[in-house]
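Biologist: Hello! Could you walk me through this model, one question at a time?

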Amino acid sequence: MKRSQKIIIGLLSFMSLVLLINSFITKIFSRYSICAFIFIVLIISYLLLGMEKEKSRYNKDIILSLLIYIAIYYITTYLFGLFIGFNKNVYSSNIILILKNIVPIIIIIPLSELLRYIINSKIKDNYILLGLSIFVFTLIDTTITIQASSFKNFYDTLKVIGLFILPSLSKNYLLTYLTIKVSYKPNLVYRYLMELPRYILPIV
């Protein structure tokens, strides 16, 4: 096994342990401290693994394709809303509270996508490590919202799996694929356009 893969196993295992403890044993992270945690791991990863130079010539094409698909998604979603109705966004429309909600997201997205790029560019063909990577980034995605108390009964467990875990798994599978095939830049575009509006748009 390559030295870089051993380092990656160590980093991913450490992150898995810390994030699982945060979700199921005792709350360690707030929205801002999780940013600090990822930043520290990012710096360690960069120092130990380095960062490969982008080789993809398809950044612009993929980003343009993503913009088209995202536009279609929002148009379709809100057209359906005309027939099945809208709900008021549960997040506050107060500008201070909006900033409080989105600032951690604005910080965590580039940190996690750079970390994903550094790690996944070293393990392109190792499907076990790629699976572990997807698992860890899903934990990062859900660690703030999921706690042991979220699994009080069978119904709550299904609700958490359906609303948080499965969507996050599929999203992180896509982001990992884009990282390996292109780079981290399309991921930034996708995540900012898909994740920030939920805190800003008044109706859903």
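**A network of charged side chains**

Modeller: Gladly, and here is a place to start: Glu113, Arg116, Asp141, Lys171, Arg191 and Glu195 are linked in a network of salt bridges (a salt bridge being a side-chain nitrogen of Lys or Arg within 4 Å of a carboxyl oxygen of Asp or Glu). This is a predicted model, where local features need pLDDT of at least 70 and side-chain atom pairs count only at pLDDT 80 or more, while totals for chains, interfaces and linings use all residues. Residues are numbered from 1 along each chain as its sequence is written, and side-chain values use heavy atoms, with hydrogens and water left out.

Biologist: How many salt bridges does a search of the whole structure find?

Modeller: Side chains of opposite charge can pair when their charged atoms come close. Searching the whole structure for such salt bridges gives a total of six.

Biologist: In which helix do Arg116 and Glu113 both lie?

Modeller: Their side chains meet in a salt bridge, with N to O at 2.9 Å. An α-helix has 3.6 residues a turn, so residues three or four places apart point the same way. Arg116 and Glu113 are three residues apart, about one turn of the helix, and both belong to α4 (helices are DSSP runs of H or I with at least four residues, and strands are runs of E with at least two, numbered from the N terminus).

Biologist: Is Arg116 buried or exposed?

Modeller: Buried means under 20% relative accessible area, exposed over 50%, and partly exposed in between, using a 1.4 Å probe and protein chains only. Arg116 has 0% relative accessibility, so Arg116 counts as buried.

Biologist: How many residues apart in sequence are the parts tied together by Asp141 and Arg191?

Modeller: The side chains of Asp141 and Arg191 meet in a salt bridge of 3.7 Å, N to O. Because Asp141 lies in helix α5 and Arg191 in helix α7, the pair ties together parts whose separation in sequence is 50 residues.

Biologist: Which of these two is buried, and which is partly exposed?

Modeller: Asp141 has a relative accessible area of 26%, so Asp141 is partly exposed. Arg191 has a value of 4%, so the buried one is Arg191.

Biologist: Which helices hold Glu195 and Lys171?

Modeller: Glu195 forms a salt bridge with Lys171, and the closest N and O atoms are 2.8 Å apart. The pair ties together parts that are 24 residues apart in sequence, because Glu195 lies in helix α7 and Lys171 in helix α6.

**Around helix α7**

Biologist: Why do the buried residues of α7 line one face of the helix?

Modeller: In α7, which covers residues 185-195, the buried residues are Pro186, Asn187, Tyr190, Arg191, Met194 and Glu195. They line one face because, seen down the axis of α7, they fall within an arc of 125° (the arc is that of the directions from the helix axis to the C-beta atoms).

Biologist: What covers the buried residues of α7?

Modeller: One of the buried residues is Glu195, with 7% relative accessibility. The cover over this helix's buried residues includes α3 (59-84), α4 (95-120), α5 (127-142), α6 (154-181) and α8 (197-200).

Biologist: Which residue's side chain is joined to that of Ser183 by a polar contact?

Modeller: Ser183 lies in the loop between α6 and α7 and is buried, at 0% relative accessible area. Not counting residues up to four places away in sequence, Ser183 touches Glu54, Asn59, Tyr117 and Leu178 (contact means heavy atoms within 4.5 Å). A polar contact is a pair of N or O atoms within 3.5 Å; within protein, one must be able to donate a hydrogen and the other to accept it, and residues adjacent in sequence count only if both atoms are side-chain atoms. At 2.8 Å, the side-chain partner of Ser183 is Asn59.

**Two threonines**

Biologist: Which residues does Thr142 touch?

Modeller: Thr142 is in helix α5 and is buried, with a relative accessible area of 7%. A polar atom of the Thr142 side chain lies 2.9 Å from the backbone oxygen of Thr138. Leaving out residues up to four places away in sequence, Thr142 touches Phe164 and Ser168.

Biologist: And which residues does Thr176 touch?

Modeller: Thr176 lies in helix α6 and counts as buried at 4% relative accessibility. Not counting residues up to four places away in sequence, Thr176 touches Arg116, Asn120, Leu130 and Ile134.
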